[in-house]
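Biologist: I am new to this structure. Please take me through its charged pairs and explain the labels you use for them.

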Amino acid sequence: MTDSAPVRELRLVVTVPDHDAAVHFYRDVLGLPELADFSSPDGRVVLLGAGRATIEIVDHDQAEFIDRVEVGERVAGPIRVALEVDDSAATTRRLADAGATVLAEPTRTPWDSLNARLDAPGGLQLTLFTELGD
């Protein structure tokens, strides 16, 4: 990417009812590094690093296909966050122990990754994926 890129950063903003629990889940359990704390008397905000960001745009048919592969039925809304991790099975267990609801255990996909689906704090649906191909 060059310096003339029209967008420099993708920032997903999640409004949650329990800030402390969500920060603990994403920072302490999932392991996202804390980049900044912009909290003030007006409100609390912590910025966490989540690696490289992309926007994956899919049509309704593809979204249904992905849900069938990962979960067995259509469950996602219009926004689902997919995070590439080193070990989707171990990460799924760790996040479930921290309060996430596992919608589907890790399963091998036709696109050669091991994907799990969870409901996480703040109402986010997460796909954890580990690339299996070379």
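Modeller: Keep in mind that this is a predicted model. A search of the whole structure finds eight salt bridges.

Biologist: What makes D28 partly exposed?

Modeller: D28 has a relative accessibility of 43%. Buried requires under 20% and exposed over 50%, so D28 falls in between. R27, with 28%, is also partly exposed by those limits.

Biologist: How do you know that D67 is buried?

Modeller: The relative accessible area of D67 is 1%. The limit for buried is under 20%, therefore D67 is buried. Its salt-bridge partner is R74, at 2.7 Å from N to O. R74 is partly exposed, because its 35% lies between 20% and 50%.

Biologist: Why is the pair of E70 and R117 said to link distant parts of the chain?

Modeller: E70 and R117 form a salt bridge, with N and O 2.7 Å apart. E70 lies in helix 2 (residues 60-70) and R117 in strand 5 (residues 113-120), 47 residues apart.

Biologist: Are E70 and R117 buried or exposed?

Modeller: E70 has 4% relative accessible area and R117 has 0%. Both values are under 20%, so E70 and R117 are buried.

Biologist: Which residues are linked in a network of salt bridges?

Modeller: D67, E70, R74 and R117 are linked in this way.

Note on methods: Residues numbered from 1 in each chain as written. Predicted model: local features only at pLDDT ≥ 70, side-chain atom pairs only at ≥ 80, totals over all residues. Heavy atoms only, no water. Salt bridge = Lys/Arg side-chain N within 4 Å of Asp/Glu carboxyl O. Buried < 20%, exposed > 50% of the residue type's maximum accessible area, 1.4 Å probe, protein only. Helix = DSSP H or I, 4+ residues; strand = E, 2+ residues; numbered from the N terminus.
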